[in-house]
Amino acid sequence: MKAENVKLGIAPIGWTNDDLPEIGKENTFEQCVSEMALAGFTGSEVGSKYPRDTNVLKQKLALRGIQICNAWFSTFFVDGKKEETIQGFIEHMNFLHEMGAKVIGCSEQSRSIQGQKKAIFKEKTVFTEAEWQLLAEGYNELAKIAAEKGMKVCLHHHMGTGIQTPAEIDKYMEITNDDVGLLFDSGHIYYSEGSQQAMLDVLAKYVDRIFHVHLKDVRDDVVAEVKAKDLSFLEGVVKGTFTVPGDGVIDFRPIFEILDKHNYKGWMVVEAEQDPAIANPLEYAIKGRQYIREVAGI
């Protein structure tokens, strides 16, 4: 890949998991960002342990050569909470803008089961036509608001949400305006479909509207157990559904090739949540970084 087009970040979720605060509770913010830098990354997303005072955060990150590139934002348009969502979004956007980020990765969390003790493959929600329209109106508006700050909005398709499968991604892309983007996550598509090809098809189809990329690998044996035992999303995470690129079953070469061929410009972020007591965060960050260097040449 062309090194000048992309920057490499890593998410703090490998050190401390905001959905499961007991996982990695011993890892401090300072350790997390120091180890990101040590592993060779220059960017980070935002975790719950990060200082919210932008001056403090900027100073601590500058010491380590790390910049903020995105932070998760939950939307609830399908639940009819348009006003609250937009109000929260503006606050979130202003924080990210102050930190120099250009994209805002959102997830429609209405009736999401990703944090619940429900079977991830059997109990996920499905939106009605009327609900899809609420979602489209909401995201179209978010994109307009973000554009005023020179920022872009993208939706993170995610296991356990109403936008998980390729068909649901198709629907989302079809009903939103072209300035509304997609956050492509290799691990979530592979997990949903169990197929490298399905994942690549989504990437190739929407590459021109992909504003942010999550590089996440998957362990097939854990997914098989999640299916067989009707486990929840978080139960799978603890068992090791996800890992860093090069440590699971996904071949990332064609992902990098598609992004490069279409001149993708932006961040690629390793996001690989697992139990840090089992998978040492620094060790796995280095492993992922080395793999990307070998395979993508960056």
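For the charge count used here, Lys and Arg are taken as positive and Asp and Glu as negative, while His and the chain ends are left out, and each charge is placed at NZ of Lys, CZ of Arg, CG of Asp or CD of Glu. On that basis the protein has 33 positive and 45 negative charges, whose mean positions are 3 Å apart. The model is predicted, with local features requiring pLDDT of at least 70 and side-chain atom pairs pLDDT 80 or more, whereas totals for chains, interfaces and linings use all residues. Residues are numbered from 1 along each chain as its sequence is written, and side-chain values use heavy atoms, without hydrogens and water.

**Overall form**

- The protein contains 11 helices and 11 strands, these being DSSP runs (helices H or I, at least four residues; strands E, at least two) numbered from the N terminus.
- Along the principal axes, the C-alpha trace of the protein spans about 50 × 45 × 40 Å.

**Burial and contacts**

- Of the 298 residues in the protein, 59% are buried, meaning under 20% relative accessible area with a 1.4 Å probe and protein chains only.
- Among contacts (heavy atoms within 4.5 Å) with a separation of 6 or more, 80% join residues 24 or more positions apart.

**Helix H11**

- The buried residues of helix H11 (residues 281–296) include Pro-281, Leu-282, Tyr-284, Arg-289 and Ile-292.
- The cover over the buried residues of H11 includes strands S1 (6–10), S8 (210–215), S10 (242–243) and S11 (266–270), together with helices H1 (29–38) and H10 (253–261).

Methods
Buried < 20%, exposed > 50% of the residue type's maximum accessible area, 1.4 Å probe, protein only. Expected span 1.5 Å × (residues − 1).
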